[in-house]
Structures are given as structure tokens and as C-alpha cells.
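Please look over the sequence and the structure below before reading on.

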Amino acid sequence: IFVAYVVTENCINCKYQDCVEECPVDCFHEGENMLVVDPGECIDCAVCEPTCPSDAIISAGGPDFEKWVEFNAKYARIWPGIVRKGVVPPDADAWVNRPGKLKHLSPKPGGSSG
């Protein structure tokens, strides 16, 4: 499997979704409080990474990249695809760059944007 970009824990409770609007292949999937990339659908176009306000998207070679590929693949299988920006959490800005966010992950699927 080839994947160039994945979403990391920086997305948890931020979930800005600017990346969704830019993705030409609709490879994002939505959880209750974060997004992931489907590693099988990412085409390495690089448009998502610079649009993320919380710097939650990393490319191959980034810190713990393999761990995040597995994480993204797992949740992409169970969370619905997202093609349009939905509701951004009202406290998203307060969560940017907070350490240790993984403990706040909700495994529940999202669905704010349909």
C-alpha cells in the first residue's frame, strides 16, 4: 500500500476539515472528533497538508508515520467518507497543539456533514 499523507492526533477535537474541501479524491473519513485519510485512496497530491490549521497532516517520513498509517487505515474502514466541510467544533481553536490528545479520541463515526 502506498500512502503519502496521514492525519495525526493534532486533529482530535479540532477537526477543521479544510483538508476535505481540497482533496480531489475524497479520501477523508470522519470520526466523531477527528478525520483520517484512507491510505488506499490518497494520491500524494499534497494539497491537504498546507490547508490544515492544526498541522495534523504529515507526509511520509514524518514522526511516527507508520503508526499513523495503521491508525488511519483502521478508522477509514469504519468511519464514513466525508466530501464537504461540516460543523467545526466551537472550541477547536482551544485544542490546537495541545499535547496528549490521543486519550480524547472518540472511536465513534462522525456524520456532521453527510
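C11 counts as buried, because its relative accessibility is 7%. This is a predicted model, and a search of the whole structure finds 0 disulfides in it. For C11 the reason can be followed step by step: a disulfide needs two cysteine sulfur atoms within 2.5 Å, but the closest cysteine sulfur to that of C11 belongs to C52 and is 6.4 Å away, which is too far for a bond.

C23 is likewise in no disulfide, and its nearest cysteine sulfur, which belongs to C27, is 3.6 Å away. With a relative accessible area of 10%, C23 is buried.

## The nonpolar core

How many residues make up the largest nonpolar core? There are 31 of them, and the residues with the most contacts inside this core are V7, F28, M34 and I57. Several elements each supply at least two residues of the core, namely strand 1 (5–7), helix 1 (18–22), strand 3 (35–37), strand 4 (57–59) and helix 2 (65–78). Helix 2 gives the most, with 6 residues.

When residues up to four places away in sequence are not counted, F28 touches V7, C19, V20, C23, L35, V36, V37, C48, I57, P80, G81 and I82.

## Two cavities

The structure holds 2 cavities of 30 Å³ or more. About 90 Å³ of space lies in the largest cavity, and 16 residues line it, with C11, Y16, Q17, C19 and C52 lying nearest its centre. By class, this lining has 11 nonpolar, 3 polar and 2 charged residues.

The second largest cavity has a volume of about 50 Å³. Its lining consists of Y5, C23, V25, C27, F28, C42, I43, D44, C45, A46, V47 and C48, and these residues divide into 11 nonpolar, no polar and 1 charged. Both C23 and C27, whose sulfur atoms are 3.6 Å apart, therefore belong to a lining that also includes F28.

## Buried residues in a loop

The loop between strand 1 and helix 1 contains T8, which counts as buried because its relative accessibility is 8%. Leaving aside neighbours within four places in sequence, T8 is in contact with M34, A56, I58 and W68.

N13 is found in the loop between strand 1 and helix 1 as well, and at 15% relative accessibility N13 counts as buried. Leaving aside neighbours within four places in sequence, N13 is in contact with N33, P89, D91, A92, W95 and H104. The C-alpha atoms of N13 and V96 are separated by 8.3 Å, although these residues are 83 residues apart along the chain.

## Positive phi angles

Which value does phi take in D26, a residue other than glycine? It is positive, near 50°. D26 lies in the loop between helix 1 and strand 2 (28–30), and at 36% relative accessibility D26 counts as partly exposed.

D44 is not a glycine either, and its phi is positive at about 60°. This residue is found in the loop between strand 3 and strand 4 and counts as partly exposed, with a relative accessibility of 39%. D44 is also one of the residues that line the second largest cavity.

Definitions and conventions
Residues are numbered from 1 along each chain as its sequence is written. This is a predicted model: local features need pLDDT of at least 70, side-chain atom pairs count only at pLDDT 80 or more; totals for chains, interfaces and linings use all residues. Side-chain values use heavy atoms; hydrogens and water are left out. Buried means under 20% relative accessible area, exposed over 50%, partly exposed in between (1.4 Å probe, protein chains only). A nonpolar core is a set of buried Ala, Val, Leu, Ile, Met, Phe, Trp, Tyr and Cys residues joined through side-chain atoms within 4.5 Å. Helices (H or I, at least four residues) and strands (E, at least two) are DSSP runs, numbered from the N terminus. Contact means heavy atoms within 4.5 Å. On a 1 Å grid over the protein atoms alone, a cavity is a set of points where a 1.4 Å probe fits but cannot get out, and a pocket is an open set with protein on both sides within 12 Å along at least five of seven lines; lining residues have an atom within 4 Å of a point. Grid points are joined across faces, edges and corners, and a volume is the space filled by probe spheres set on the points. Ala, Val, Leu, Ile, Met, Phe, Trp, Tyr, Cys and Pro count as nonpolar, Asp, Glu, Lys and Arg as charged, and the others, Gly among them, as polar.
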